[in-house]
Amino acid sequence: FFFNDTATTEIYTEQIVGSVRCVQETGSELKLKDWDKYEYHRTDWCKRLLEECPDQIDRVDCEDLTIEDFIEKYEKQDKPVIIKGLTKKWSVDKYWSFEQLYQRYKDIEFKVGEDDEGYKLRIKLKYFFEYLVQQKDDSPLYLFESSLEDKKEMREIIRKYDVPKYFTDDLFKIMGEKKRPPYRWFLMGPERSGTTVHIDPLMTSAWNTSLQGHKRWVLFHKDAPKSLVKGKEFVREVGEDDEAIMYFSKILPRIKEKEGKHLQTIEFIQGPGETVFVPGGWWHAVINVDNTIAVTQNFMSKINFNKVWRSVRVERKRFAEKLLNKFKEKEPELYERAIALNKEDNFVMFSERQSLLQKRKNGEGQNHSAFKEDQIEQQIQKKFRVDTSPSHQGSSDSQSSSSSNSSSSESENESGSNSTSSRSQSPS
């Protein structure tokens, strides 16, 4: 449909594909000539990944699943699930088709990556469509836009879908759209694009709805060690990496071969109209086995509150202070839960630590003696009875968890990946 609109020629198409690659080349270790080095476009890997995938996840129709049942059977149990039928009122054919999105937004710029300084790289949607159809890259660029509310033309996308009833408990919204961490993404992925294996930021849970195309997922049990799921020891040839196509075609099979029955994974295909629930803390990777359109959101709820709070207070120290104050003002029960968790873990909030440091500095200044931070740690120990050993959770302001997200960078989650490469920093 868009070829007629743009009067595409072979030369023009080659220029577009080259230009889109150049947009991202600054943040990539690959030169342009190496993007299709392994010629995965000539193989049947995506077809095999689609047709030979085991189906190891519960699938439930939304008509047969109450909110209460979802909470008891899946959210409280930290158990992934696919929920079907949630897009019946989303006007998928009238709005969420490739053709409709092209016609509505072809001249709007969307994010396709970040440069070395973390600045967003954007191109017009019509050029990304050209790239999507014509590209032959081993690991293609992935359109993932989180700033939908920032542009008037994009806000319509938000209004065209409803947050499913199971995921409306979204505690970060108490901070307002501008001050909360990135949480919502509109995704468009060419065949072979995807995410590297990751845990979603801040231990949040996520839902991901596919509107067009198919995604293959692998989820590792939340207790699986990072060293295993990352699979670095299984990289055998020069040039192999953890991009989605290589991970699923080479690295993952090697991990499964070595670990055998001891490896606890959930593998499945997500099709159009299906919504995946991913509990916080689960390692996962995703590959688009054909051209896809999806929306996804991450959330903190009353059910996952404990693990998200424990991550937020370390990964986003100043944000955690503001969140705690909001809870105190508007959600006193949540405030008390957060305070109780801090006491249970002997965790000192950032402002308390800074206050003690400042008091000590002032005192040392009066005595004209050298300031020593280890003396502050002794005061913290005495006042809060804190174990300040490096192995203790919350013992250091600089300590990071497995869902590292200490800056405001958006290089997050398929449901929010914070560990993707420069060419596929995206949600699933």
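Q: What makes a pair of side chains a salt bridge in this predicted model?
A: A salt bridge is a side-chain nitrogen of Lys or Arg within 4 Å of a carboxyl oxygen of Asp or Glu. By that rule, Arg310, Arg313, Glu344 and Asp345 are linked in a network of salt bridges, and a search of the whole structure, which is a predicted model, finds 26 salt bridges.

Q: Why is the pair Asp58 and Lys79 called a salt bridge?
A: The closest N and O atoms of Asp58 and Lys79 are 3.1 Å apart, and the cut-off is 4 Å, so the pair qualifies as a salt bridge. Asp58 belongs to strand 1 (residues 58-61), whereas Lys79 sits in the loop between helix 4 (67-75) and strand 2 (81-84), and the two residues are 21 residues apart.

Q: Why are Asp58 and Lys79 described as partly exposed, rather than buried or exposed?
A: Buried means under 20% relative accessible area and exposed means over 50%, with partly exposed in between. Asp58 has a relative accessible area of 29% and Lys79 one of 36%, and both values lie between those limits, so both residues count as partly exposed.

Q: What makes Arg59 and Glu274 a pair that ties together parts of the chain?
A: The closest N and O atoms of Arg59 and Glu274 are 3.1 Å apart, and the two form a salt bridge. Arg59 lies in strand 1 and Glu274 in strand 11 (residues 274-278), so the pair joins parts that are 215 residues apart in sequence.

Q: Why is helix 11 called roughly perpendicular to helix 13?
A: The axes of helix 11 (residues 305-315) and helix 13 (residues 332-344) come within 10 Å and cross at roughly 65 degrees. Angles of 65 to 115 degrees count as roughly perpendicular, so helix 11 is given that description relative to helix 13. The crossing of helix 11 past helix 13 is right-handed. The contact involves, among others, Trp309, Arg310 and Arg313 of helix 11 and Leu341, Asn342 and Glu344 of helix 13.

Q: How do you know that Asn342 is buried, and what does Asn342 contact?
A: Asn342, which is found in helix 13, has a relative accessibility of 6%, and since this is under 20% the residue counts as buried. Leaving aside neighbours within four places in sequence, Asn342 is in contact with Trp309, Arg313, Phe347 and Met349.

Q: Why are helix 12 and helix 13 called oblique to each other?
A: Helix 12 (residues 317-330) and helix 13 pack at an angle of about 135 degrees, with their axes 6 Å apart. Roughly perpendicular ends at 115 degrees and roughly antiparallel applies over 145, so the pair of helices is oblique. Among the residues that meet are Leu324 and Phe327 in helix 12 and Pro332, Tyr335 and Ile339 in helix 13.

Q: What makes Phe327 a buried residue?
A: Phe327 lies in helix 12 and has 1% relative accessibility, which is under 20%, so Phe327 counts as buried. Not counting residues up to four places away in sequence, Phe327 touches Leu171, Ile174, Phe305, Pro332, Leu334 and Tyr335.

Key: Residues numbered from 1 in each chain as written. Predicted model: local features only at pLDDT ≥ 70, side-chain atom pairs only at ≥ 80, totals over all residues. Heavy atoms only, no water. Helix = DSSP H or I, 4+ residues; strand = E, 2+ residues; numbered from the N terminus. Buried < 20%, exposed > 50% of the residue type's maximum accessible area, 1.4 Å probe, protein only. Axes fitted to C-alpha atoms, helices over the stretch in contact; angles between N-to-C directions. Parallel < 35°, antiparallel > 145°, perpendicular 65-115°, else oblique. Left-handed = near helix turned anticlockwise from the far one by under 90°. Contact = heavy atoms within 4.5 Å.
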